[in-house]
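Please view the sequence and the structure before reading on.

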Amino acid sequence: LQALAAFLVLRILLDFGRASLLQPASPASDRGAGKGLSSGRCVAPKPPGSHNCSTCMLLVPGMDHHCMFTNNCVGSHNYGFFMWLLLELVTGCLALFCLTSPKVLRRGMWHDIHATLAVLLALIAGYLLS
C-alpha cells in the first residue's frame with residue numbers, strides 16, 4: 001500500500017513537471033506550419049487550430065487553455081501529460097479520502113484533527129478538480 005502511494009506521488013510530480021515545464025507546442029515544428037493565416041498579435045504564420053494565449057503571449061497550436069495551476073498553456077504537445085496529471089490527482093484525492101475516512105468515522109469526527117483535516121482536504125481538492 002505504501003509502495004502504491006509512493007508510486008502515485010512520484011507520477012503526480014513527474015506529470016506536473018512535464019505539464020508545466022514542457023512547451024505546449026512549437027509553431028515552427030508543428031505540422032501545418034506556414035499554412036493558414038498570420039495572427040493579428042504576431043507575425044508568425046498561424047497554423048490551423050492555433051491560438052494566441054493572452055496570458056503568456058505565445059502562439060500555441062492545439063491550444064486548450066492556459067492553466068494557472070501549471071502556469072503554462074495546455075497545447076497539443078503537453079495535453080496528454082496534463083490529462084494524466086488530472087487523473088492522478090483525482091485518484092490521489094480518492095485514495096486519501098478512502099484511507100483516512102474510516103479512522104475519522106471510527107474515532108469520532110473531532111478526536112483526531114489531523115485525520116479530519118486530511119479528509120476535508122481530500123474532499124475540497126476532489127471538488128475543485130472535478
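The model is predicted. The count of salt bridges comes to 3, and a network of such bridges links Arg 11, Asp 15, Arg 18 and Glu 88. Side chains of opposite charge can pair when their charged atoms come close.

**Pairs within helix 1**

- Arg 11 and Asp 15 meet through their side chains in a salt bridge, with an N to O distance of 2.9 Å.
- These two residues are 4 residues apart in helix 1, so about one helical turn separates them.
- Asp 15 also forms a salt bridge with Arg 18, where the closest N and O atoms are 3.7 Å apart.
- Arg 18 and Asp 15 are 3 residues apart in helix 1, which again means a separation of about one helical turn.

**A pair between two helices**

- The side chains of Glu 88 and Arg 11 meet in a salt bridge at 3.0 Å, N to O.
- Because Glu 88 lies in helix 2 (residues 79–107) and Arg 11 in helix 1, this pair ties together parts that are 77 residues apart in sequence.

**Exposure of the residues**

- Asp 15 is buried, with a relative accessible area of 0%, and Glu 88 counts as buried at 5%.
- Arg 11 is partly exposed at 24%, and Arg 18 is partly exposed at 31%.

**Surroundings of Arg 18**

- Arg 18 is located in helix 1, which spans residues 2–21.
- Leaving aside residues up to four places away in sequence, Arg 18 touches Asn 78 and Phe 81.
- The C-alpha atoms of Arg 18 and Thr 70 are separated by 9.5 Å, although these residues are 52 residues apart along the chain.

Methods: Residues are numbered from 1 along each chain as its sequence is written. This is a predicted model: local features need pLDDT of at least 70, side-chain atom pairs count only at pLDDT 80 or more; totals for chains, interfaces and linings use all residues. Side-chain values use heavy atoms; hydrogens and water are left out. Buried means under 20% relative accessible area, exposed over 50%, partly exposed in between (1.4 Å probe, protein chains only). Contact means heavy atoms within 4.5 Å. A salt bridge is a side-chain nitrogen of Lys or Arg within 4 Å of a carboxyl oxygen of Asp or Glu.
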